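Visitor: I would like to go through this structure term by term. Please show it to me before we start.

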Amino acid sequence: MHISLASDSLDGVASRLVAEVERRGHSVTLYGALAPGGRADWAWCSSAAAKNVTSGHSDQAIVCCWTGTGASIAANKIAGVRAALCVDAATAEGARRWNDANVLALSLRLTSDQTLVEILDAWFAGKPSTADEDTANITHLSDLE
Ligand SMILES: O=C(CO)[C@H](O)[C@H](O)COP(=O)(O)O
């Protein structure tokens, strides 16, 4: 897959995120502090990465900031984006299964090296549920936009 990655700083697991995504065989487009020269503020870099998902440029995006909250809020401003702030593998797995999340948001403050690996393993292994009650929720999100 092609994954857009954004981080508003190089704190914590930001640089390791790029290596871990590439190690899994994905190609990447980088934003914010991961791509020197671009605007690194979380609202700008996270929304830029998220826009790539709905435009078809990228299959998914991963957005980071210190708390993870700003990155997820900015990404969710883009119609068609379902960004999920995930702090562990179980949350990432649930976000893919029940929310059909297409953008993963991470907290640079909370996410350890090991947790990053576990979250990415769960995220990339995850598949959206095809159960009627789950697809109905996703359809309703589109109706709300
Ligand atoms: O967590 C964040 C937003 O939710 C930011 O990373 C935090 O506000 C720090 O930003 P800055 O380095 O621009 O002060």
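Guide: What follows is a set of questions about the terms used for this structure, each with its answer.

Guide: This is a predicted model, in which local features need pLDDT of at least 70 and side-chain atom pairs count only at pLDDT 80 or more, while totals for chains, interfaces and linings use all residues. Residues are numbered from 1 along each chain as its sequence is written, and side-chain values use heavy atoms, with hydrogens and water left out.

Visitor: Why is Ser107 called buried?

Guide: Buried means under 20% relative accessible area, exposed means over 50%, and partly exposed is in between (1.4 Å probe, protein chains only). Ser107 has 2% relative accessibility, so Ser107 counts as buried.

Visitor: Where does Ser107 lie?

Guide: Ser107 is part of strand β5, residues 103-107. Strands (E, at least two residues) and helices (H or I, at least four) are DSSP runs, numbered from the N terminus.

Visitor: Which residues is Ser107 in contact with, leaving aside neighbours within four places in sequence?

Guide: They are Cys65, Trp66, Thr67, Gly68 and Leu85. Contact means heavy atoms within 4.5 Å.

Visitor: What makes a pair of atoms a polar contact?

Guide: It is a pair of N or O atoms within 3.5 Å; within protein, one must be able to donate a hydrogen and the other to accept it, and residues adjacent in sequence count only if both atoms are side-chain atoms. The side chain of Ser107 is 2.8 Å from the backbone oxygen of Trp66, and a polar atom of that side chain is 3.4 Å from the backbone oxygen of Thr67. Both pairs are polar contacts.

Visitor: Why are Thr139 and Asp100 called partly exposed?

Guide: Thr139 has 45% relative accessibility and therefore counts as partly exposed. Asp100, at 22% relative accessibility, counts as partly exposed too. Thr139 is in helix α6, residues 132-144, and Asp100 is in the loop between α4 and β5.

Visitor: What is the phi of Asp100?

Guide: Asp100 is not a glycine, yet its phi is positive, about 45 degrees.

Visitor: Which residues of α4 are buried, and what covers them?

Guide: Helix α4 spans residues 89-99, and Ala92, Gly94, Ala95 and Arg96 are buried. Their cover includes β3 (60-65), β4 (83-85) and α5 (113-125).

Visitor: How do you know that β1 and β2 pair?

Guide: Two strands pair if DSSP finds at least two bridges between them. Strand β1 (residues 2-7) and strand β2 (residues 27-32) have 6 bridges in the parallel sense. Ser7 stands opposite Gly32 in β2.

Visitor: How many residues of β1 are buried?

Guide: In β1, 6 of 6 residues are buried. His2, Ser4 and Ala6 point one way, while Ile3, Leu5 and Ser7 point the other way.

Visitor: Which residues are around the ligand?

Guide: A residue is near a molecule or strand if one of its heavy atoms lies within 4 Å of it. Around the ligand are Asp8, Trp42, Cys65, Trp66, Thr67, Thr69 and Gly70.
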